[in-house]
Amino acid sequence: TYTHRPKRDRTYYGIPACVARPVSKLELEASPKAVKARDEEWRKLREKDVWDESVVMEWNDARKIASRQGKTIHLARLFGICVEKGSEIGDPNDPRRKYKYRVVFQGNNVIDQDWKTAIFQDLGSAPATMEAGKAADAYGCFPGHSTQQADAEQAYIQAELIGPETWVAIPPEAWPAEWHAKGYIRPVCRLKKALYGHPDSGSSWERHCDKALKAGGYTPVNNWPSCYFHQRLKLFLTVYVDDFKLSGPVENLTAGWDLIRGKGIVLDPPTDLGHYLGCEHERKAVKLPDGKTANAVVYNMEDYLTSCVDRYQD
């Protein structure tokens with residue numbers, strides 16, 4: 001008889017991290033910073049043509065037109081979620097602690113033109129592993145080396161959406177004034193970019209990113225997903241969704257970032273190794289037993305642990 005593999009005890013996985021604190025709708029409306037983050041997100045998505053508002057129609061009209069034409073389309077809705085990033089940091093005024101509002105595609109409730117559950121390509125995505133990030137930290141500790149990190153600005157929407165034609169319902173709080181005046185009930189627009197939440201967005205972004213990095217001279221590392229090495233500059237790069245970490249000779253880092261930007265990937269300004277995936281990375285020089293000095297990276301989770309205790313007490 002078939003025996004299910006034994007499940008690992010929860011303690012095996014150690015301390016959970018990489019968690020952003022969910023923000024309720026009431027808290028969002030009461031916080032000017034959260035409201036600003038919400039409005040900015042909708043504005044940026046419009047400016048970047050994530051969906052096409054030049055053609056807007058009712059949900060049922062889009063469905064009926066596709067059905068008459070014998071064309072397969074997908075229909076779903078957009079909605080917003082708000083979190084506080086860096087909430088584990090004790091100082092509420094720390095700039096790394098901020099509200100983040102994200103408009104997402106409701107990927108668990110998508111239909112086609114005939115009201116059937118939509119079928120996706122199920123390509124999957126493969127971000128860099130935690131081990132890869134630590135390998136980059138180690139490489140950055142070599143003599144004359146360092147490590148920097150940078151975020152891709154709204155990473156997914158830098159890529160064109162792959163797959164069937166997709167139409168999305170815009171929530172009322174994001175309607176232009178003329179939509180209200182025209183009396184729309186459930187207006188939809190065609191989705192153009194790989195928005196968060198879409199089952200194929202991760203694959204769309206990785207394809208876009210991989211193509212750009214290869215064009216910039218970065219070669220994929222065998223059997224290590226989303227890891228690259230630039231042979232001429234001797235730089236090791238890991239990509240965890242929108243988090244880029246680059247290690248190698250100090251004098252080559254700027255050129256390495258320029259190559260990435262030059263091929264169409266929009267990045268925030270790079271910074272020295274620091275707060276990464278919920279953990280504070282601290283580069284230090286340590287003295288070895290033989291008296292020599294070596295570079296090291298300390299993984300500091302004190303702020304996260306403190307926040308866990310504070311929440312438990314509350």
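Is glutamate 29 buried, partly exposed or exposed? Glutamate 29 is partly exposed, with a relative accessible area of 46%; here buried means under 20% relative accessible area, exposed over 50%, and partly exposed in between, with a 1.4 Å probe and protein chains only. The points below set this residue in its context.

1. Basis of the note. The model is predicted, so local features are reported only at pLDDT of at least 70 and side-chain atom pairs only at pLDDT 80 or more, while totals for chains, interfaces and linings use all residues. Residues are numbered from 1 along each chain as its sequence is written, and side-chain values use heavy atoms, with hydrogens and water left out.

2. Overall form. The chain contains eight helices and 16 strands; these are DSSP runs numbered from the N terminus, helices being H or I of at least four residues and strands E of at least two. Along the principal axes, the C-alpha atoms fill a box of roughly 80 × 55 × 50 Å. Of the 314 residues in the chain, 43% are buried. Among contacts between residues at least 6 apart in sequence, 67% join residues at least 24 apart, where contact means heavy atoms within 4.5 Å.

3. The largest pocket. This pocket has a volume of about 1700 Å³. A pocket is defined on a 1 Å grid over the protein atoms alone, where a 1.4 Å probe fits, as an open set of points with protein on both sides within 12 Å along at least five of seven lines; lining residues have an atom within 4 Å of a point. Grid points are joined across faces, edges and corners, and the volume is the space filled by probe spheres set on the points. The lining comprises 50 residues, and Lys85, Lys98, Lys100, Asp151 and Asp242 lie nearest the centre of the pocket. Elements that each supply at least two lining residues include helix H2 (32-47), strand S3 (73-85) and strand S4 (98-105). By class, the lining has 24 nonpolar, seven polar and 19 charged residues; Ala, Val, Leu, Ile, Met, Phe, Trp, Tyr, Cys and Pro count as nonpolar, Asp, Glu, Lys and Arg as charged, and the others, Gly among them, as polar.

4. Salt bridges. The count comes to 15 salt bridges, each being a side-chain nitrogen of Lys or Arg within 4 Å of a carboxyl oxygen of Asp or Glu. Glutamate 29 pairs with arginine 38, their closest N and O atoms being 3.1 Å apart; arginine 38 is buried, at 17% relative accessible area. In a further pair, the closest N and O atoms of arginine 190 and glutamate 165 are 3.7 Å apart. Arginine 190 lies in strand S8 (residues 187-191) and glutamate 165 in strand S7 (residues 165-169), so this pair ties together parts that are 25 residues apart in sequence. Arginine 190 is partly exposed at 39%, whereas glutamate 165 is buried at 16%.

5. A bridge within a helix, and a network. Lysine 214 forms a salt bridge with aspartate 210, with closest N and O atoms 3.0 Å apart. The two residues are four apart in helix H6 (residues 201-215), and about one helical turn separates them. Elsewhere, salt bridges that share partners join Arg21, Glu27, Glu84 and Arg97 into one network.

6. Nonpolar cores. The largest nonpolar core has 30 residues, and those with the most contacts inside it are Trp51, Leu78, Phe105, Ile170 and Leu195. Such a core is a set of buried Ala, Val, Leu, Ile, Met, Phe, Trp, Tyr and Cys residues joined through side-chain atoms within 4.5 Å. H2, S3, S4 and S8 each supply at least two residues of this core, and H2 gives the most, with five. Beyond residues up to four places away in sequence, phenylalanine 105 touches several others, among them Leu78, Val168, Leu195 and Tyr196. A second, separate core of 23 residues includes Tyr196, Val239, Leu246 and Ile265.

7. Loop residues. Glutamine 154, in the loop between S6 and S7, has a positive phi of about 45° although it is not a glycine; glutamine 154 is buried at 9% relative accessibility. Glutamine 113 lies in the loop between strand S5 (111-112) and helix H4 (130-140) and is buried, at 7%. Its C-alpha atom is separated by 6.7 Å from that of histidine 74, 39 residues apart along the chain.
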